[in-house]
Amino acid sequence: MATQQVHFRMDEKDKKAVEELYQQMGMTASDAFRLFAKKSLEVRGLPFELYQPNERLQEAIRSDDYVTFDSSEDAWEYLSSDD
């Protein structure tokens, strides 16, 4: 089977970091991106979930007013609610 090259641009810092990460996992960036493409074809989309944060979460991200929680479940409930 003939192969083709795929080129794309990314930030140099991110490129170095991802190459180091994949090297620690015993693969090259090319290996990892081939796996990403194969998995995308298998699931017929991106192999991870994307979501848009609701307005309350967006406000919390932009805020300097911090709220503390006793557990991650309490934090998630607070950030996921619409009120």
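Which residue's side chain does Arg34 meet in a salt bridge? In this predicted model, the partner is Asp31, with N and O 2.7 Å apart. Both residues sit in helix H2, three positions from each other, or about one turn of the helix. Asp31 counts as partly exposed, since its relative accessible area of 29% falls between the 20% and 50% cut-offs.

Stepping back to the overall fold, the protein has four helices and zero strands, so that from the N terminus on the elements simply read α-α-α-α. The radius of gyration is 19 Å, well over the 12 Å that the globule rule gives for 83 residues, so the chain is more spread out than a compact globule. Along the principal axes, the C-alpha atoms fill a box of roughly 55 × 30 × 25 Å. Buried residues account for 8% of the 83 residues. As for the accessible surface, the total is about 8100 Å², with 53% of it belonging to carbon and sulfur atoms.

Helix H1 covers residues 12-24, and its length checks out: 13 residues at 1.5 Å each should span 18 Å, and the end C-alpha atoms are 19 Å apart, which agrees. At the start of H1, Asp11 points a side-chain oxygen to within 3.0 Å of the backbone nitrogen of Lys13. After H1 comes Gly26, with a positive phi near 85 degrees.

The salt bridges number five in total. Another of them links Glu55 to Arg62, where the closest N and O atoms are 3.2 Å apart. Here Glu55 is partly exposed, with a relative accessible area of 43%, whereas Arg62 is exposed at 53%.

The loop between H2 and H3 has a couple of points worth a look. Arg44, found in this loop, has a positive phi of about 60 degrees despite not being a glycine. Most residues other than glycine have a negative phi. Arg44 counts as exposed, because its relative accessibility is 77%. Leu50 lies in the loop between H2 (29-43) and H3 (55-62) too, and at 59% relative accessibility Leu50 is likewise exposed. Leu50 also belongs to a nonpolar surface patch of about 800 Å², made together with Val6, Phe8, Met10, Phe33, Phe36, Leu46 and Phe48.

Methods: Residues numbered from 1 in each chain as written. Predicted model: local features only at pLDDT ≥ 70, side-chain atom pairs only at ≥ 80, totals over all residues. Heavy atoms only, no water. Patch = residues over 30% accessible without salt bridge, like charges linked within 9 Å, V, L, I, M, F, W, Y side chains within 5 Å. Areas by Shrake-Rupley, 256 points an atom, 1.4 Å probe, with all protein chains shown as cover. Salt bridge = Lys/Arg side-chain N within 4 Å of Asp/Glu carboxyl O. Helix = DSSP H or I, 4+ residues; strand = E, 2+ residues; numbered from the N terminus. Buried < 20%, exposed > 50% of the residue type's maximum accessible area, 1.4 Å probe, protein only. Expected span 1.5 Å × (residues − 1). Polar contact = N/O pair within 3.5 Å; in protein donor to acceptor, adjacent residues only side chain to side chain. Rg over C-alpha atoms; globule rule 2.2 N^0.38 Å.
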